[in-house]
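Hi there,

Here is the structure I promised to pass along. Have a look at it first, and then read on for what turned up.

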Amino acid sequence: MRKPLTLRVLSSLDSKGWLALGIFLALALILVPVLNLAVPEDSAFHMSAYAITLIGKIMCYALVAVAMDLIWGYGGILSLGHGLFFALGGYAFGMYLMRQAGSDAGALPAFMIFLDWKELPWFWLGSDSFVWVILLVVVVPALVAFVFGYFAFRSRIKGVYFSIITQALTYAAMLLFFRNETGFGGNNGFTDFRLVLEHSVTSPQTRLVLFGLTAVMLAATLVFSRWLVTSKFGRVLTAIRDSESRMMFIGYNPLWYKLFIWVVSAVLCGIAGALYVPQVGIINPSEMSPANSIEIAIWVAVGGRATLIGPVIGAFVVNLAKSWFTVSFPEYWLFFLGLLFIVVTLMLPQGLVGLWKKLMLKKGAAA
Amino acid sequence: MNAPNTTAEALLDGRPEGSDGADQMGHLVTGELDLSHGVALYLDDITVSFDGFRALNKLNLTIDAGELRCIIGPNGAGKTTMMDVITGKTRPDSGSAFFGQTMDLTRLTEPEIAHAGIGRKFQKPTIFENHSVFENLELAMKTDKRVWKSLLAWLAADERDRIAETLRLIRLDKEADRPAGLLSHGQKQWLEIGMLLMQEPKLLLLDEPVAGMTDDETMRTAELFVSLAGKHSLVVVEHDMAFIEKLGGKVTVLHEGSVLAEGNLATVQNDPRVIEVYLGR
């Protein structure tokens, strides 16, 4: 008996996994709004707008980390250019926000007026439509990833060479977006958003809706990814990671498998970027800087590769540490990040999840 | 979506039943596997040179359908190069190689040849160590190997039966759920043979399949190969004479890229030219 697909997706998580996911969603969708809106501001249990934005932002990063885990942990392909796809999704949604920010409908975004442009460039057409922009958020990263990935994987570019090329790709894109003539606000990028779907971007309600959407998206991505890696596709993918030429002899064409997971990963990054921009209130080309993309790899390495939940943990640990460090010891953050990466690489090759498993195993052996 | 796959399918299915390839001029690229003349593999006057060194020198070899053939020869005799030519890894400088009556191996790519029904086992077992024994066989199973099919793949009962059957054949049914990396060396060799069988090849090329096996494992492997002959054609490259004796098929001796002697093991072993090559003057 063939099991229907929906049932297979649902059964890719065990009961403990579903329980954890349910608790996470209950916290994000019920407890956080209550703590933010219902608890008075002077109470110790009040959750500030700052905290909500911070956690919302980190959930976007966690989404990127899961996307990175699919391609790196399971596909064995280290991308150091994932910041590009994140930024593309962010810019696509930012276009919509900029159109909503103008003083009246149909007005040009402020930076274009400043540049004395008389009309919208062609690629801005339709950017006042929410649906069109959501389409762009998915299609643009997918298209860029497909074209780049097709040529890279067809030429069998692998390992460190692939990583370097992705790094160059995001750097080139950053330089392009820095130019005012490109039509995306130059080095200032997009900011000063006002409305999203006619609601104020900064209102507590909008903030909570965006927060909830991000949480739901993160949960859905985890379920989808778990299904993906436990399907036959996932087994083929890890087999290609371990021995590509052997898989070719068996009759698989690695190109399409790599390309598929590469494009899926890029699309997830684009969605994360689109959720990030209205919460943080700004997108500029520095999101495409090589250092940002390297940081994504560090989150995954810290949490534990090929575990899916590890990258989420890694994104939270590193970014919470970052927001604490950059306030308390701003000048030491990069040293700490470097140290963290070295320690994890040398002593925790399986990341925090690997450490946890080891401890549980020891505990099990002792008992 | 997947070019090599579709070509290979066209290769297997594109030609109407009963059409005879022999009456057409030139090399044939299309055609289904035709074993009607009882021959699985023809190598005719194959020459391969690497920088002036003739790895194969006008090699002629014919393997019958269902035959179990052993190939022996000193190092550098061209055994591995011969397998490379058959699997499409190396293109011959001259000569022709046919699989069945109609399939020109010199015109097909490696995946196409694999799909057409030639399976190869390398000297060093290359299995997927992180996957379970069962999953290794699942990955190797003959099926549609395109991305969408893999995404939606769900093992049917008959597919599970086939994997179980192969597991019994290679005596790994108790190890099915263990990671393949934990198997002993001999078991890894068997798993690789099992993976070959899952691809349902018509012709199996086995390069030193019992290297590193215990005597007991070697003998059981011989039994396995003898049981496979008939249904499949097997070409075994080995140095282990006890193993070859146990297989009991025809033996071909290669020397300097061409056939030196052919016949049963006793005849070949008593051939003065063979003795000279192996022992020197």
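Helices here are DSSP runs of H or I with at least four residues, and strands are runs of E with at least two, numbered from the N terminus. Please keep in mind that this is a predicted model.

Let me start with chain B. On that definition, chain B contains 11 helices and 10 strands. Of its 281 residues, 43% are buried. Among the contacts in chain B with a separation of 6 or more, 67% join residues 24 or more positions apart.

A:Phe86 sits in helix H4 of chain A, which covers residues 82-101. Is A:Phe86 buried or exposed? A:Phe86 counts as buried because 33 other C-beta atoms lie within 10 Å, where the cut-off is 20 or more. Leaving aside residues up to four places away in sequence, A:Phe86 touches A:Val64, A:Cys269, A:Ala272, A:Gly273 and A:Glu287. A:Ala266 is 180 residues from A:Phe86 in sequence, yet their C-alpha atoms are 7.6 Å apart in space.

Finally, the interface. Here 22 residues of chain A are in contact with 26 residues of chain B. On the chain A side, the elements giving two or more residues are helix H9 (232-242), helix H10 (244-250) and helix H11 (254-280). H9(A) provides the largest share, with seven residues. Sorted by class, this side of chain A has 11 nonpolar, five polar and six charged residues.

Definitions and conventions
Residues numbered from 1 in each chain as written. Chains lettered and ligands numbered in written order. Predicted model: local features only at pLDDT ≥ 70, side-chain atom pairs only at ≥ 80, totals over all residues. Buried ≥ 20, exposed ≤ 12 C-beta atoms within 10 Å, placed from the backbone. Contact = placed C-beta atoms within 7 Å. Nonpolar A, V, L, I, M, F, W, Y, C, P; charged D, E, K, R; others polar.
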